[in-house]
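Grab a pencil and work through these exercises with the model open beside you. Try each task before you read its solution.

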Amino acid sequence: MLDRKKEIHFQEINMPDFITPNSFQLTNGLQVCVMEGGGQELCRLDMVFEAGSKVQNKALQASLCNALLLEGTAQKKGEEIHESLDFYGAYTQLDVNSDRAVVSLFTLNKYFDKVLPIFIDALKNAVFPEDEFQVALAQKKQSFRINSEKVEFIARNTFFKSLFESHPYGFSASLEDFESISRQDLIDFHSAHYKNAVLKIYIAGMMPVNAESILNEYLGSWELKNPKSVCTYSPPVKNEKIHLSKDGAMQSAIRIGRVCFNTHHEDYQPLKFLSVVLGGYFGSRLMSNIREDKGLTYGIGAMCVQQEECGYFSISTEVKGESTQLALQEIYYELKRLREELIPDEELALVKNYIMGQVLKSADGPFAQVSLLKNMHIQGVGFEFYESYQNLLSQLDANVLNDLANKYLKEEDLCEIVVGNTSV
Amino acid sequence: MINFERFELENGLKVIVHQDKSTPIVAFNLLYDVGARDESPHRTGFAHLFEHLMFGGSINIADYDEVVEKAGGQNNAFTSNDITNYYITLPKENLEHAFRLESDRMLSLAFTPKSLEVQRQVVIEEFKQNYLNQPYGDVHLLLRPLAYQKHPYQWPTIGKEVSHIEEATMEEVKNFFYAHYAPNNAILVVAGDVELNQVKALSEKWFGPIPSRDIPTRNLPKEPRQEKARTLKVERDVPIDVIYKAFHMCARTDSDFFATDLISDILSRGNSSRLFKSLVKEQKLFSDIDAFIGGELDEGLFYFAGKLTPGVSMKDAEAGIDTEIEKLTSVLVGEKELRKVKNKAISAHKFSELNVLNKAINLATSELMGDAKLVNKQIELYEGVTAEKIQEIAQGVFKNTNSNTLYYHAK
């Protein structure tokens with residue numbers, strides 16, 4: 001008879017075998033990092049530019065420039081570019097955050113030699129036509145107006161402003177910024193940060209035939225400049241409480257957190273681990289208490305986020321309006337428990353396994369692996385990081401984590417933002 | 001091409017195994033053939049509420065998530081109008097944990113009152129977060145009952161109203177479980193570095209002893225053919241005007257489905273698509289506009305959704321959409337444009353096969369539609385679509401009498 005109550009033995013999870021990245025150099029010295037695998041005749045090309053919003057001189061410059069990269073050259077209209085990329089079934093993705101911009105191309109290998117020249121030409125020779133600029137600006141402005149109605153959006157912006165003050169990390173656009181940006185601002189940004197670039201290239205999937213020579217032909221003359229050295233920023237730790245009421249809001253958005261450090265700080269990995277215990281997975285303490293025990297929210301999370309110049313720690317949620325106070329009280333209660341009680345061994349073991357499982361999932365195929373590698377690379381770490389990672393995890397014991405909670409998660413060192421129902 | 005093997009247990013559980021030796025994780029996907037369409041009109045949102053309750057402990061295992069997390073896995077679930085789908089991805093060494101967990105939930109839930117009380121609250125907060133406390137969140141709460149008068153697609157998966165969730169009783173929860181959760185109403189897919197014999201043995205061991213159950217025959221009211229255009233005008237505290245149009249279209253399993261899907265691509269896939277080029281860039285009637293299909297298993301909806309440029313009237317915006325529809329119904333799509341949308345659909349399909357969980361979900365839904373082999377026929381079916389077929393379908397679907405229009409005005 002099958003004993004369903006009896007637990008099955010949990011196998012220890014071992015570090016997966018990551019694909020060994022290869023790399024080669026183009027004639028201009030540009031490094032191309034290759035992760036070959038997957039067995040299907042398709043690939044993904046990522047170009048990482050140091051063109052994040054922190055280097056912009058004007059609000060919206062980095063994001064609009066990024067959004068309009070493929071919208072026209074002196075020879076081709078935007079729709080012609082898209083028409084031909086679409087014809088070959090290629091996909092593009094444009095992303096930008098405060099540190100950098102990523103421009104990606106997904107294509108079937110049989111069309112690589114057709115698609116790559118179109119893509120690179122568009123990127124390099126973008127002229128940001130006025131009409132395309134106006135369309136994109138109107139679109140962004142509307143999204144901005146819609147987002148401004150959301151309690152979560154207001155809370156997030158207020159939170160970053162409170163933490164990072166006048167540093168670009170604390171900046172968010174306002175409606176007036178949409179009036180003062182011009183096409184020329186995008187041209188300037190493009191020539192400063194894309195045309196003349198700090199650039200890294202990644203390819204994942206199967207390498208197309210002749211990829212190396214094709215890449216050399218189209219990227220081998222790209223003008224490169226030397227990366228600037230990173231200046232770390234250490235704003236003061238604050239204890240600001242900002243409560244904004246929003247009429248008719250059924251839920252309140254809550255953000256609690258503080259400034260931290262970047263990935264190279266010795267406490268980054270341990271604090272990141274602690275944030276998983278607190279609110280980084282379904283069974284975490286915040287989820288168990290505030291969602292699964294009290295039903296105050298659909299979701300709550302905690303995270304420790306790395307940014308190049310200064311990272312942050314944040315708890316975020318949207319809770320039932322009438323229960324805003326109760327939710328705040330319970331969040332502080334969970335923080336207090338981290339400071340005053342040792343995390344039980346069983347919970348520690350569970351979180352370690354959970355994290356190892358996540359690493360394993362990031363190794364599912366070359367596309368997943370290149371995402372992971374890319375994120376580490378741009379912070380100046382390689383896959384060798386994972387050789388010592390299991391060791392690092394094993395050294396995190398309850399005492400270390402308790403010290404960490406007392407060092408970083410004291411109530412008087414946290415900012416608190418509430419947007420929505422602030423009446424109670 | 002996805003290779004797979006298929007077998008069925010005596011209790012009716014269908015099992016599909018796909019071997020992919022290149023990945024360290026296994027996807028374990030269990031699909032139940034129950035969705036919001038199987039709910040009573042007085043207890044809507046139940047299939048989705050039930051999905052939440054499935055994580056509240058089963059008869060022999062108090063904490064589902066804890067076991068998944070200890071095993072280094074990740075799990076989630078989703079409910080649609082048609083199905084409820086549960087999945088776990090975990091290291092292949094710990095595969096048996098997935099069998100133990102899912103078979104125990106299928107055997108019986110714990111049905112603790114606390115779980116019902118808490119998940120009821122969580123779902124109400126989800127309702128508020130995504131549908132009520134969100135600009136335009138209520139669009140589908142308005143549009144569905146406009147388009148469907150008989151068929152249960154008239155409510156979204158979250159339910160018609162919060163009160164249906166507030167009033168759910170434990171008795172109803174239990175009845176729902178035994179009426180829909182059973183080996184003979186489920187499809188299991190295991191995909192990853194696994195062997196057929198291994199999956200067979202594990203399936204027999206864990207699912208084999210669960211008896212099959214009496215599943216009521218699905219007998220949904222068919223939506224009568226729409227004979228007259230319907231419109232609804234609302235005013236809300238939102239920043240800009242939006243318009244939605246929904247037309248009845250064929251079922252997911254119909255041979256016309258792929259051509260209809262390509263119509264939505266012609267209209268709005270990517271920046272070279274017709275609606276974007278004509279209505280956003282040239283005429284500037286909209287800041288953004290989409291055409292898409294719901295993909296429902298029964299006869300579904302073809303949607304247009306546009307955000308109006310400030311200063312443009314609803315009338316002019318709607319006329320813009322009508323002109324694009326008119327082009328589709330009166331002029332054959334050119335060869336090059338058709339080739340383009342086919343290439344794009346085919347490449348999207350190929351990219352989706354890079355991920356083991358995607359493959360598992362695709363196999364499960366294909367099996368539900370009648371045959372897992374469909375998953376490998378998609379490219380062929382897209383290739384088979386002709387310009388004449390597209391025109392014929394457009395003429396049938398985009399009749400004014402078949403339209404449901406929601407004018408969503410900013411106050």
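**Exercise 1. Find where A:G52 sits, and decide whether A:G52 is buried or exposed.**

Step 1: look in the loop between β3 (42-49) and α1 (61-67) of chain A, and you'll find A:G52 there. Helices (H or I, at least four residues) and strands (E, at least two) are DSSP runs, numbered from the N terminus. This is a predicted model, where local features need pLDDT of at least 70 and side-chain atom pairs count only at pLDDT 80 or more, while totals for chains, interfaces and linings use all residues. Residues are numbered from 1 along each chain as its sequence is written, and chains are lettered from A and ligands numbered from 1 in the order in which they are written.

Step 2: count neighbours. A residue is buried if 20 or more other C-beta atoms lie within 10 Å of its own, exposed if 12 or fewer, and partly exposed in between, with C-beta atoms placed from the backbone. A:G52 has 22 C-beta neighbours inside 10 Å, so A:G52 counts as buried.

Step 3: list the partners. Two residues are in contact if their C-beta atoms, placed from the backbone, lie within 7 Å. Skipping neighbours within four places in sequence, A:G52 is in contact with A:A62, A:V96, A:N97, A:S98, A:D99, A:R100 and A:A101.

**Exercise 2. Work out how α9(B) and α15(B) pack.**

Step 1: get the geometry. Axes are lines fitted to C-alpha atoms, for helices over the stretch in contact, and angles run from 0 to 180 degrees between N-to-C directions. Helix α15 (residues 387-397) of chain B packs on α9(B) at an angle of about 85°, with the axes 9 Å apart.

Step 2: name the arrangement. Angles under 35 degrees count as roughly parallel, over 145 as roughly antiparallel, 65 to 115 as roughly perpendicular and the rest as oblique. That's why α9(B) and α15(B) are roughly perpendicular to each other.

Step 3: find who touches whom. From α9(B) come B:A259, B:T260, B:L262 and B:I263, and they meet B:K389, B:I390, B:I393, B:A394 and B:V397 in α15(B).

**Exercise 3. Now do the contact of α9(B) with α10(B).**

Step 1: the axes of α9 (residues 257-268) and α10 (residues 274-282) of chain B come within 4 Å and cross at roughly 35°.

Step 2: the contact involves B:I266, B:L267 and B:S268 of α9(B), plus B:R274, B:L275 and B:F276 of α10(B).

**Exercise 4. Which residues of α1(B) are buried, and what do they pack against?**

Step 1: B:F46, B:A47, B:H48, B:L49, B:F50, B:E51 and B:L53 are buried.

Step 2: seven of the eight residues of α1 (residues 46-53) of chain B are buried, so this helix is largely enclosed by the rest of the structure.

Step 3: the buried residues pack against β4 (74-79), β5 (84-91), α4 (113-132), α6 (162-166) and α7 (170-180) of chain B.

**Exercise 5. Describe how β1(B) and β2(B) pair.**

Step 1: two strands pair if DSSP finds at least two bridges between them. Here β1 (residues 5-8) and β2 (residues 14-19) of chain B pair in the antiparallel sense over four bridges.

Step 2: check a facing residue: B:R6 stands opposite B:I16 in β2(B).

Step 3: look at the hairpin, which has five residues between the strands; B:G12 takes a positive phi near 100°.
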